[in-house]
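Look at the structure first, then read on.

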Amino acid sequence: MTLEKIQRAKHALELRNIDKRFKKGRKDYAYALKSVSLTLNRGEVVGILGPNGSGKSTLIRVISTLTLPDSGEVDVFGIDAVKHPKEVQRYMNRVSVEASFFKKLSSMENLIFGAKLYGVTDRESKPMIREILDGIGFDFTRVNEPMEHLSRGMQQKIALARALLTSPMLMLLDEPTTGLDPRSKKDVQELIRAIRADHESSILLCTHDMGEAEELCDRIGILLNGELIALDTAENLKRQHQVGDRPPTLEEVFMAATGTTLEEAEFENKDEKKAA
Amino acid sequence: MHAASAPLTKPGWLRELIAVWGYAQRNYYLTKRYVLWEVVWLVYTTMNALTIGFIGVGSGGSAEEIARLTTFLLIGSMVWSYLSMIFDLLSETVSWERWEGTIEYTFMSPASRVTQLLGMGVYAIVYGMARVIVMLIAISFFFDLSLGDANYLGAAGILAVCSVSLVGFGMVAAVMPLLSPEKGQQVTSIVTAVLLLISGIYYSIDVLPGWMQPLAYLSPVYYALDGIRETLLEGQTFGSQWDNIWPLLIMGAVFPPLGLWLFQRGEHYAKRTGRLKRAG
């Protein structure tokens, strides 16, 4: 019943007026998300651009049922994810900036465990692991090495492979390339492109890399201090903020929309965090 | 690359069963990876049991009295080693995931909390049993034990009943690190220490101060030890230990659902306050 409902759903994700605040002091609260609304169509890749502390990770946590919103609605394939988290969890997966693995276990052991949490047996997962790892150019001879022996880039590839093993219809990517060297970054970005092409997944990609957002996403949102202040295609965003003959870069769009550069916004957020 | 649709079409109960096996298998993998530390802890707990056994040997009295006291102490040591292992593994479910950085991945997966705690419980019981058997073999080389009348089957039955209540007791404690990452772990360590003090592991609870003795009746470990000592030292039957079994059955019926309910409330609180994050 749920699978049929999910297959019929028009949108992969619908957020309506999501608010989330966290306690800072005894009576003090900080808003992480302020009335955020967005729709992710099936098969679409939407990027959320924002500096550190803008609310990107909270947004991903709310969608992935790890954080409860104070108000608003989260529908994943038409199902209320706040009221029925178990019904939607098996249709989505997440890759975050930190590689969430048991570091002493091997890639194979971590992948087998991750797959089992989604009801995939060893017999089903082992050939899939081989196929996926071959597909992403992972040296299979290293599959039994502890994760802590692998580079960050390789760990991030394994994280993407783990998500693919569970056949997610909605992928939540929270800064998957942050901190990677240029080569690994490129590899992971290629992998995201391949996931989109081969898996019919809908993808929400949070990043603070403008180039990555522009290259990989159909639409781009700008999140600043918990508010989604823009959401459109890169072309439309540029057109809306064009002054003169030359179309602006995405950096210039960000600056025009927020009144600050991404670096300055990150610096301000760090200062605010320190003061708090 | 292609995505298999197998997990999307399986019935819920089968997916949960696969996940229970997943948790148990993961813990086995971790034990294998940390095998040297496992050996170190096994040697440490065996030496600890031997040390306590030798206190009995040096206590004086007839050979029969010495054998009886030594056996009394070693039963306490072995049963505590097993039951505290179950309690620790269950109560550290959350802190362990938080420390490894996998807590978010685990909690956003579709496997239920019952499944997670059941998987942890199954592994704790099997692993605890294996450790105790190795310890028993090692200890048997050192002491003349008073086990001529022992009813091993009766003792195993009591241990099995107690294991269920200890799994539930561990679930209750596991909620603490959800509410407060660091303080929660500190509280569960204190709970372990209090269980050690009040449960009559190495002495009869009669030697405790009067106000402390009633606390023993709240501990499943007390009933398990009392029953196991009666069956091993006195050769009593499982049925004759009803006075120890019924409290364990009640605890076994109450603690697991209570632990699960508390765990779900704790999870809700952690999701509302944003505490479901990695640490370290």
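## An enclosed helix in chain A

The buried residues of α2(A) are A:Lys56, A:Thr58, A:Leu59, A:Ile60, A:Arg61, A:Val62 and A:Ile63. Buried means under 20% relative accessible area, exposed means over 50%, and partly exposed lies in between (1.4 Å probe, protein chains only). Helix α2 spans residues 56-63 of chain A, and seven of its eight residues are buried, so the rest of the structure largely encloses it. Helices (H or I, at least four residues) and strands (E, at least two) are DSSP runs, numbered from the N terminus.

This is a predicted model: local features need pLDDT of at least 70, side-chain atom pairs count only at pLDDT 80 or more, and totals for chains, interfaces and linings use all residues. Residues are numbered from 1 along each chain as its sequence is written, chains are lettered from A and ligands numbered from 1 in the order in which they are written, and side-chain values use heavy atoms, leaving out hydrogens and water.

## Positive phi angles

Most residues other than glycine have a negative phi. Just after α2(A), A:Thr65 takes a positive phi of about 70 degrees. A:Glu175 is not a glycine either, yet its phi is positive, at about 50 degrees. A:Glu175 sits in the loop between β7 (170-174) and α7 (182-199) of chain A. Its relative accessibility is 7%, so A:Glu175 counts as buried.

A:Asn225 also has a positive phi, near 50 degrees, and is a residue other than glycine. A:Asn225 lies in the loop between β9 (219-224) and β10 (227-232) of chain A. Is A:Asn225 buried or partly exposed? A:Asn225 counts as partly exposed, because its relative accessibility is 37%.

## A histidine in a strand

A:His11 belongs to strand β1 (residues 11-23) of chain A. At 18% relative accessibility, A:His11 counts as buried. Contact means heavy atoms within 4.5 Å. Leaving aside neighbours within four places in sequence, A:His11 is in contact with A:Thr39, A:Leu40, A:Asn41, A:Arg42, A:Phe77 and A:Gly78. A:Ala159 is 148 residues from A:His11 in sequence and 25 Å from it in space, C-alpha to C-alpha.

## Helix α8 of chain B

Now turn to chain B. Helix α4 (residues 63-91) of chain B and α8(B) pack at an angle of about 35 degrees, with their axes 7 Å apart. Axes are lines fitted to C-alpha atoms, for helices over the stretch in contact, and angles run from 0 to 180 degrees between N-to-C directions. α4(B) passes α8(B) in a right-handed crossing. A crossing is left-handed if the near helix is turned anticlockwise from the far one by less than a right angle, and right-handed if clockwise.

Which kinds of residue make up the contact of α4(B) with α8(B)? They divide into 14 nonpolar, three polar and no charged. Ala, Val, Leu, Ile, Met, Phe, Trp, Tyr, Cys and Pro count as nonpolar, Asp, Glu, Lys and Arg as charged, and the others, Gly among them, as polar.

B:Val161 also has its place in helix α8 (residues 152-174) of chain B. B:Val161 counts as buried, at 18% relative accessibility. Leaving aside neighbours within four places in sequence, B:Val161 is in contact with B:Phe238, B:Leu248 and B:Leu249.

## Helices α12 and α13 of chain B

Helix α12 (residues 220-233) of chain B packs against helix α13 (residues 242-273) of chain B at an angle of about 150 degrees, with the axes 9 Å apart. That makes α12(B) roughly antiparallel to α13(B) (angles under 35 degrees count as roughly parallel, over 145 as roughly antiparallel, 65 to 115 as roughly perpendicular and the rest as oblique). α12(B) passes α13(B) in a left-handed crossing. The residues of this contact are six nonpolar, two polar and two charged.

## Aromatic rings

Rings of Phe, Tyr and Trp (its six-membered ring) pair if their centres lie within 6.5 Å; planes under 30 degrees apart count as stacked, over 60 as edge-to-face and the rest as tilted. By this rule there are 14 aromatic pairs over all chains. B:Trp41 and B:Tyr44 form an edge-to-face pair, 5.9 Å centre to centre, with 80 degrees between the planes. Both lie in helix α3 (residues 35-57) of chain B, three residues apart, about one turn of the helix. B:Trp41 is partly exposed at 47%, and B:Tyr44 is exposed at 51%.
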